[in-house]
Amino acid sequence: MKTIVVYASKYGSTETYARWIAEALHADLYAVKALSSETLSRYDCILYGGGLYAGGVKGLSTFLKKYASILPKTFILFTCGIADPNDPANVQHIRNSLKKIFPPDLEAQTAFFHLRGRLNYRKLSVMHRAMMAMLQHMLAKKDPATLRVEDQQLLDTYGNDVNFIDRSTIQPILSFVQDGINAK
Ligand SMILES: Cc1cc2nc3c(=O)[nH]c(=O)nc-3n(C[C@H](O)[C@H](O)[C@H](O)COP(=O)(O)O)c2cc1C
């Protein structure tokens with residue numbers, strides 16, 4: 001299978017994972033901005049990875065609007081966020097927001113994976129710093145007993161460099177693609 005890994009990354013976490021995945025699968029690697037229909041139509045396995053921002057996946061809405069009609073049978077989406085994907089509630093939250101932008105038939109044939117990234121407050125843009133400050137302010141006013149684990153973690157780590165990037169977590173994605181190749 002000719003495979004491409006496409007990514008949309010603001011601070012580099014998703015790009016790091018995309019690079020590792022492309023390397024392991026001997027796939028081509030493209031930033032979403034450098035992509036065209038002509039390029040994409042050459043592949044029969046497409047992986048899209050995007051950073052999570054306020055529940056949405058970076059670049060995905062535009063990507064789907066432009067390319068949903070030419071996506072092949074094997075389409076894999078991976079997200080990269082700071083929330084723990086081992087908590088089913090976090091994954092459910094992501095899947096709910098994806099439902100809003102995915103054509104239903106495409107959603108049914110897509111494989112979803114969720115990876116954990118890095119949040120370094122010192123590197124954030126002014127806008128993102130302000131968004132995180134607002135969130136922190138809002139959470140700090142709540143009764144600590146009512147906070148979700150994620151929210152408490154955000155309060156505990158606010159302002160720091162929080163890094164969960166882990167190469168071994170791409171293994172299920174690699175196995176999924178490799179099993180598909182072996183089945184052909
Ligand atoms: C403004 C802002 C909003 C974010 N929203 C989410 C979110 O909704 N869910 C999540 O898991 N992580 C969220 N994050 C954390 C990012 O997804 C995380 O830093 C990720 O590694 C970024 O990927 P990138 O470096 O490829 O851009 C947010 C970070 C910022 C700065």
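A polar backbone atom of L52 lies 2.6 Å from an oxygen atom of the ligand. The protein covers 92% of the 640 Å² of accessible area that the ligand has on its own. The model is predicted.

| Residue | Atom on the protein side | Distance to a ligand oxygen atom |
|---|---|---|
| T14 | side-chain N or O atom | 2.6 Å |
| G12 | backbone N or O atom | 3.2 Å |

The shell around the ligand holds 22 residues. L52 and T14 are among those that come nearest, along with S9, Y53 and R118. By type, the shell has 11 nonpolar, nine polar and two charged residues.

Which elements supply at least two residues of the shell each? They are the helices α1 (13-25) and α6 (126-140) and the strands β3 (45-53), β5 (74-81) and β7 (118-120). Two domains take part: domain 1 (3-117 + 164-183) and domain 2 (120-162) each give at least three residues to the shell.

Note on methods
Residues are numbered from 1 along each chain as its sequence is written. This is a predicted model: local features need pLDDT of at least 70, side-chain atom pairs count only at pLDDT 80 or more; totals for chains, interfaces and linings use all residues. Side-chain values use heavy atoms; hydrogens and water are left out. A residue is near a molecule or strand if one of its heavy atoms lies within 4 Å of it. A polar contact is a pair of N or O atoms within 3.5 Å; within protein, one must be able to donate a hydrogen and the other to accept it, and residues adjacent in sequence count only if both atoms are side-chain atoms. Accessible areas come from the Shrake-Rupley method with a 1.4 Å probe; for residues, only the protein chains shown count as cover. Helices (H or I, at least four residues) and strands (E, at least two) are DSSP runs, numbered from the N terminus. Ala, Val, Leu, Ile, Met, Phe, Trp, Tyr, Cys and Pro count as nonpolar, Asp, Glu, Lys and Arg as charged, and the others, Gly among them, as polar. Domain bounds come from an automatic or database domain assignment.
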